[in-house]
Amino acid sequence: MLESDVVRPPIRLLAADIDGTLLNPEFQISKADLAALRRAHHEGVEVLLVTGRRHKFALPIAEQLGFDLWLVSSNGAITRSLSGETFHRDMLPAETCRKLCATMREFRGNTVLTFDIENKGAIVLEHMRDLNGSIQRWLEKNLQYIEFIVPLENSLTTDPVQAMFCGRIERMHQALGILAASGLEKDITVLRTEYPVRDLSIVDVLNQGCSKGHALERWANYRGIPREQVMAIGDNYNDIEMLAFAGMPFIMGNASEELRGRGWAVTLPNDQNGLAAAIEQVLGARVGV
């Protein structure tokens with residue numbers, strides 16, 4: 001067979017979000033979505049999971065795919081393999097985080113700091129009283145990594161990965177307003193994730209210039225893959241930079257109307273195998289299936 005006869009996929013890199021995209025409303029990977037990702041991998045497309053989750057918290061999801069891949073976690077702050085090899089880290093400077101904590105004092109009970117360690121102290125907060133149900137359940141799953149430190153600033157003996165402000169959507173909109181007026185915009189990146197059904201919002205504060213989009217662009221450049229051959233799929237506000245970079249962006253059908261109205265291709269929701277539908281649209285339907 002001549003090299004010119006080899007059928008190559010129209011993409012070389014597929015970046016997929018986890019929550020609300022890869023996972024269905026029951027926080028499971030559907031058989032159809034799993035089969036689609038394995039097909040993409042088999043056909044020579046590199047799969048990259050890009051998530052707001054901590055690396056350790058995303059690892060069990062990534063391992064379900066059944067093949068080796070790299071994982072971009074904490075909204076672009078860390079790019080690491082499943083075996084633990086680190087490609088890039090972009091930490092939030094401790095001094096910047098101290099200024100942030102002082103500025104956001106009234107949201108102290110909504111504040112969570114994360115650190116790039118895999119033992120107690122990876123997640124730091126002062127108390128759990130002000131966190132609503134969904135985040136409280138997340139914290140309870142991660143209790144072995146949580147350390148309660150008062151004041152929070154005492155934990156900043158090293159640079160954290162990020163600061164998170166978690167709570168009801170209306171409350172977090174107030175936090176976003178204060179952040180916007182803080183004068184810290186040259187030092188930080190502010191990303192938000194919203195789940196209206198759960199009335200939950202997470203405001204992530206990372207180092208300036210750190211996002212899923214920056215991490216995806218860095219990885220694509222490293223792999224020598226032009227953006228035209230990069231597909232990305234996501235469902236939330238923290239996916240915007242990633243989708244804007246990709247030559248083939250897809251937004252999930254369960255995304256907000258605001259996000260679905262940005263002109264990106266819209267696939268099915270995450271309860272209808274939207275990830276698989278998007279992959280099939282790009283790679284084509286399987287012959288004989």
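Which backbone oxygen lies 3.4 Å from a polar atom of the side chain of R12? The backbone oxygen of G224 does. Keep in mind that what you are looking at is a predicted model. R12 sits in the segment before β1, and at a relative accessible area of 34% it is partly exposed.

Setting aside neighbours within four places in sequence, R12 is in contact with G44, V45 and E46, and also with R223, G224, I225, P226 and Q229. G224 itself follows α7 and has a positive phi, near 70 degrees.

## Helix α7, end to end

α7 covers residues 212–223, which makes 12 residues. From its first C-alpha to its last the helix reaches 16 Å, close to the 16 Å expected at 1.5 Å a residue.

Now for the two sides of α7. Its buried residues are K212, G213, A215, L216, W219 and A220. Looking down the axis of α7, you find these buried residues within an arc of 160 degrees, so they line one face of the helix. The face turned away from the buried side carries the exposed residues N221 and Y222.

Is K212 buried or exposed? K212 is buried, with a relative accessible area of 0%. This lysine is part of helix α7.

Beyond its neighbours within four places in sequence, K212 is in contact with residues from several stretches of the chain: D17, then V50, T51 and G52, then N75 and G76, and finally N238, D239 and M242.

## The cores

The largest nonpolar core has 33 residues, and L14 and L49 are the members that touch the most others. The elements giving two or more residues to this core are β1 (13–16), α1 (18–22), α2 (31–42), β2 (46–50), α3 (55–63), β12 (230–234) and α10 (274–283). Of these, α10 gives the most, with 6 residues. As a general point, nonpolar side chains tend to be buried together in soluble globular proteins.

If you want to explore from L14, look at what it touches: L37, A40, V45, E46, V47, L48, M231, I233 and I279, not counting residues up to four places away in sequence. There is also a second, separate core of 23 residues, which includes W70, L216, V230 and I251. L216 has already come up here as one of the buried residues of α7.

## Helix α10 under cover

How many of the 10 residues of α10 are buried? The count is 7, which leaves α10 mostly covered. The buried ones are G274, L275, A276, A278, I279, V282 and L283. I279 is also among the residues that L14 touches.

The cover over the buried residues of α10 includes β1, α1, α2, β12 and β13. Just after the helix comes G284, with a positive phi of about 90 degrees.

Two pairings are worth a look. β12 pairs with β13 (residues 248–251) in the parallel sense over 4 bridges, and I233 stands opposite F250 in β13. By contrast, β4 (residues 78–81) and β5 run antiparallel and are joined by 3 bridges, with R80 opposite T86 in β5. β4 and β5 form a hairpin with 4 residues between them, and G84 in the turn has a positive phi of about 105 degrees.

## A buried loop residue

One last stop is N24, in the loop between α1 and α2. At 15% relative accessibility, N24 counts as buried. Leaving out neighbours within four places in sequence, N24 is in contact with S30 and N270.

Notes. Residues numbered from 1 in each chain as written. Predicted model: local features only at pLDDT ≥ 70, side-chain atom pairs only at ≥ 80, totals over all residues. Heavy atoms only, no water. Expected span 1.5 Å × (residues − 1). Buried < 20%, exposed > 50% of the residue type's maximum accessible area, 1.4 Å probe, protein only. Arc of directions from axis to C-beta. Core = buried A, V, L, I, M, F, W, Y, C linked by side-chain atoms within 4.5 Å. Contact = heavy atoms within 4.5 Å. Pairing = 2+ DSSP bridges. Polar contact = N/O pair within 3.5 Å; in protein donor to acceptor, adjacent residues only side chain to side chain.
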